[in-house]
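Let's take a friendly walk through a protein model with two chains to explore. Keep the 3D view open as you read, and look for each part as it comes up.

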Amino acid sequence: MTAVATLPPGLIWLASYPKSGNTWMRVLLANLLAGSDRPKDINNLSEEDPLVSRWRFCDDMLVEPETLDPRELAHLRGSHTRFVAGQLGSAFPCKTHDRFDPALGAPARYALYMIRDPRDVAVSLSHHAGTSVDGAIAQMLDPTAHSHGAMQLRYPLGDWADHVAGWTAQTDVPVEVVRYEDLHGDTSATMSRVIDALSGTATPDEISRAVAHSSLGELQRQEASHGFRERLPGQKRFFRTGRIGEWRDVLTPAQIRTIEAACAPVMERWGYAPFHPGI
Amino acid sequence: MIEPRTQPPFAYRMSGLNVVSDVALPMRAQGPTGTAQTDVTFHVEEVPEHLDQVLHCGANWEINETSFLLNLPEIGRFMASDGRRLSIFPAPDMPVDDVLIFAMGTGMSAILYQRGAMLLHASAVVRNGKAFLFCGPSGAGKSTLSAALSRAGCDFLSDDLSALIQPEGGSALIVPDGRALRLFADSIDRLDMREAVGPRVRRLIEKFHVAPPTDDDHSAGVPVAAIYMLTYAGDDQPPAIKRLPPLNAAQALLRQSYRRQIALAYADRSGLSARIGALVSTTGVYHLSRPRDLNRLDETIETLTRHWDSAGQA
């Protein structure tokens, strides 16, 4: 089948706090742009390596990230992003969990910012990182949080509320905010809105096919039979439930209160009503 | 210990070449330079911001007919010319010994590519006269694995840069890197190599030069018996080795070229694609997945040893 769905050339940030639907959006876009009658292999989405990949940084910049101090690394990451963005002849949807930084973020043509109810993020993050829910919440409220893995550069993450506010309020890059709950509720309509925002083209049939090829059932089927290379060591499975509102069954009242006390203004701005209003 | 001489010029053996330097390098020095032919010289001297008539470039590097230039703002500039001269120009207030890692890694690789070399981002050890290479990006555990294998009786050959020679009609040979191991403190502790620790790789970086545990002479080159692509499996998984089909093996080797963008820029000079084809046709290329936990390093060593014994490779 011929691929006709298109996106204009340029760097598109797929930005989010972790566990907010970033991988799902990547799989959706990869399936849409492939236009195949079979689902894309989740371990071979034919994407460019993301700019936060250690291999990619070293390959393009010719220095090992571990030989740089944090200031030097930040400086070179900015040059790297500007250079890559300036050379692109096709669309490059690039995953990032970085806190917004104009020096790093500005060269992009567009940003899709994925947001999810922080109470569900806490549940998902605890499973993903193999930590307690309290540990996950502590990370989400830590303004100095950094993240890194064996395959990724160390990058500043910050706390959940600042992450959301930083990306959604900045004016350097046009941004389309996508709520995980909306993507979950009506995936086709949300993807149609995303493609319009990115000035891309896709027919309703292409979107429907991409949505079917990216369903949670399909992703879980692939992970069960072949694994998923982005799963963390010790993590049982990456594609878990994707459930909306799981926090109501999992979080304690104290945990809910802790998240809402720190995040309520941002939560309300994006339609996540506090369980304990007025704290 | 790695104890540099105190007076220039300093002489070294790197990837099969005789190197004479204005500045002491963090690796084992050779004796007086004597009559040995000098292949490459290192100089601390001014380097221009840009090259003329650039043929290839990246965000922070340029290549023209004669030279390769690496520009690291606030760190320094480095220029490799004609496969013979490496110029090191530290940024103001940056001590020269804090930038040598870039000269010895990227700068020296450009010199080698200018001379037509094929380089892999791999550590290497020797067992029973045959070389085994371990490829992977920074953070993949190359140094730690080669250090552990050296502790287990193999000879150490290379830390992260493996230069391959392809003799006419023969199998590929690898020549010793000559540089020290570079290890983080946790690996040094796990491998009980504290006595061999030398200076930090850079002043603010918690990684150290470590003298290799063996010092056998493999300067004539060692035949390559197998190449492994390192990946981490989950900690609940045992180490596993799987052979790659030829096309995947060729793709993996190209991806693991040391400073691949420089390799591609000089690909015509080195005959890169033909050499990768020749290597894949004569040498097994495998995926080696193993747990990240340093306390389970011995399981990986056992798996490799079994593989070598069963395949009759060593």
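The sections below go from one whole chain to its contacts, and then to details of the other chain.

## Chain B as a whole

Before we start, keep in mind that this is a predicted model. Chain B contains eight helices and 20 strands. Along its principal axes, the C-alpha atoms of chain B fill a box of roughly 55 × 45 × 40 Å.

How does the radius of gyration of chain B agree with that of a compact globule? For 314 residues, a compact globule would have a value near 20 Å, and chain B has 19 Å, which agrees. Of the 314 residues in chain B, 48% are buried.

Try to locate B:His307, which belongs to helix α8 (residues 297-310) of chain B. B:His307 has 19 C-beta neighbours inside 10 Å, so it counts as partly exposed; a buried residue needs 20 or more.

B:His307 also shows how the chain brings residues together. B:Ile241 is 66 residues away from B:His307 in sequence, yet their C-alpha atoms are 8.0 Å apart in space.

## Where the chains touch

At the interface, 23 residues of chain A are in contact with 28 residues of chain B. On the chain B side, the elements that give two or more residues are β6 (67-72), α1 (100-114) and α5 (260-265) of chain B. Sorted by class, this side of chain B has 14 nonpolar, seven polar and seven charged residues.

## A parallel sheet in chain A

Now turn to chain A, where four strands make an open sheet with parallel pairing, in the order β2-β1-β3-β6 (chain A). Which strands stand at the edges? They are β2 (91-96) and β6 (175-179) of chain A; each has a single partner strand, so one side of each is left without a neighbour in the sheet. On average, neighbouring strands of this sheet are turned by 20° against each other, direction ignored.

Let's follow the pairings of β1(A). Strand β1 (residues 10-16) of chain A runs parallel to strand β3 (residues 110-115) of chain A, and five bridges join them. Within this pairing, A:Ser16 has A:Met114 in β3(A) as its bridge partner. Helix α7 (residues 160-169) of chain A packs on the sheet and touches β1, β3 and β6 of chain A. The direction of α7 makes about 150° with that of β3(A).

β1(A) also pairs with β2(A) in the parallel sense, over six bridges. Here A:Leu14 stands opposite A:Lys95 in β2(A). Five of the six residues of β2(A) are buried, so β2(A) is largely enclosed by the rest of the structure.

## Two crossing helices in chain A

For a last stop, find helix α5 (residues 118-129) and helix α13 (residues 253-269) of chain A. Their axes come within 10 Å and cross at roughly 130°, which means that α5(A) is oblique to α13(A).

Which residues make this contact? From α5(A) come A:Pro118, A:Arg119 and A:Ala122, while α13(A) gives A:Ile256, A:Ile259, A:Cys263 and A:Met267. By class, the contact of α5(A) with α13(A) has six nonpolar, no polar and one charged residues.

How values were computed
Residues numbered from 1 in each chain as written. Chains lettered and ligands numbered in written order. Predicted model: local features only at pLDDT ≥ 70, side-chain atom pairs only at ≥ 80, totals over all residues. Rg over C-alpha atoms; globule rule 2.2 N^0.38 Å. Buried ≥ 20, exposed ≤ 12 C-beta atoms within 10 Å, placed from the backbone. Pairing = 2+ DSSP bridges. Axes fitted to C-alpha atoms, helices over the stretch in contact; angles between N-to-C directions. Contact = placed C-beta atoms within 7 Å. Nonpolar A, V, L, I, M, F, W, Y, C, P; charged D, E, K, R; others polar. Parallel < 35°, antiparallel > 145°, perpendicular 65-115°, else oblique.
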